[in-house]
Amino acid sequence: HLPVPAKAVTVVVAWRWQQVKKLNAKITFMLNINQEENILKNRKVKPTAVRLLVLRQFMEVNKAISLKDLEQLLVHSDKSTIFRTLKTFEQQKLIHSVADGSGITKYALCLESCECEPKDQHFHFHCISCEMTFCLPKQSIPIVQLPPKFTLQQANLVLKGICANCNWVARFIDLFCDWFIN
């Protein structure tokens, strides 16, 4: 046998490693699709390609997103299909709408146990710097004693301030300016 140059072995190993990574990505993608399909089926929503894509976007972001945000993320889907998907998801209590005071309705993924009843209502946080809105599901809106014959349909409490990411950027800029000036 002729000796195999080390460089050739390295190339083969690197190629094999790329193949394994691609296979892992495919497996992960298939597992995610199954998970997403199950989420839709549990909420009595027929899994279509666009619905799966929209759900994936909600699962990947950790904030409320608007129709416009989704349009930019899903460039191959038309606005009306995305809008109808949002309304279906909202009707089936898969997402809830958030009026954060920006004038743009945003939507956020509901918890699995959420039925969008007053007991499920929670605070939201709107960053005045980056304009992102976040759910605070552990911060329930307190039960308010209403007068007789009043029925609570929805509660919307939005806290406004600066999110952790913007606070970090502001602190970094302050430190840099202090260092640069001194």
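# Salt bridges, cysteines and a hairpin

Modeller: A search of the whole structure, which is a predicted model, finds three salt bridges.

Colleague: Which residue does Glu36 form a salt bridge with?

Modeller: Glu36 forms a salt bridge with Arg56, and the closest N and O atoms of the two are 3.0 Å apart. Because Glu36 lies in helix α1 (residues 6-42) and Arg56 in helix α2 (residues 49-60), the pair ties together parts that are 20 residues apart in sequence.

Colleague: Is Glu36 buried or exposed?

Modeller: Glu36 counts as buried, at 3% relative accessibility, and Arg56 is buried too, with a relative accessible area of 14%.

Colleague: And where do Lys87 and Glu90 lie?

Modeller: Both lie in helix α4 (residues 79-91), three residues apart, which is about one turn of the helix, and their side chains meet in a salt bridge with an N to O distance of 3.1 Å. Lys87 is partly exposed, with a relative accessible area of 31%, and Glu90 is partly exposed as well, at 23%.

Colleague: Which side chain does Lys106 meet in a salt bridge?

Modeller: That of Asp100, at 3.0 Å from N to O, and both Lys106 and Asp100 are buried.

Colleague: Changing topic, how many disulfides does the structure hold?

Modeller: The structure holds zero disulfides. Cys163, for instance, is in no disulfide, and the nearest cysteine sulfur, that of Cys166, is 3.6 Å away.

Colleague: Is Cys163 buried or exposed?

Modeller: Cys163 is buried, with a relative accessible area of 7%, and Cys110 is also buried, at 11%.

Colleague: What about the strands, how many bridges join β4 to β5?

Modeller: Five bridges join strand β4 (residues 122-127) to strand β5 (residues 133-140), and the two run antiparallel, with His126 standing opposite Thr133 in β5. The hairpin they make has five residues between the strands, and Glu131 there takes a positive phi near 70 degrees.

Colleague: Where is His124 placed?

Modeller: His124 is in strand β4 and counts as buried, at 5% relative accessibility, while a polar contact of 3.1 Å joins its side chain to that of His96.

Colleague: Last one, which residues make the nonpolar surface patch?

Modeller: Val144, Leu146, Phe150 and Leu152 make that patch, which covers about 380 Å². Leu152 lies in the loop between β5 and β6 (158-161) and is partly exposed, with a relative accessible area of 41%.

How values were computed. Residues are numbered from 1 along each chain as its sequence is written. This is a predicted model: local features need pLDDT of at least 70, side-chain atom pairs count only at pLDDT 80 or more; totals for chains, interfaces and linings use all residues. Side-chain values use heavy atoms; hydrogens and water are left out. Two strands pair if DSSP finds at least two bridges between them. Helices (H or I, at least four residues) and strands (E, at least two) are DSSP runs, numbered from the N terminus. Patches are made of residues with over 30% relative accessible area and no salt bridge: like charges are joined within 9 Å, nonpolar side chains (Val, Leu, Ile, Met, Phe, Trp, Tyr) within 5 Å. Accessible areas come from the Shrake-Rupley method with a 1.4 Å probe; for residues, only the protein chains shown count as cover. A salt bridge is a side-chain nitrogen of Lys or Arg within 4 Å of a carboxyl oxygen of Asp or Glu. Buried means under 20% relative accessible area, exposed over 50%, partly exposed in between (1.4 Å probe, protein chains only). A disulfide is a pair of cysteine sulfur atoms within 2.5 Å. A polar contact is a pair of N or O atoms within 3.5 Å; within protein, one must be able to donate a hydrogen and the other to accept it, and residues adjacent in sequence count only if both atoms are side-chain atoms.
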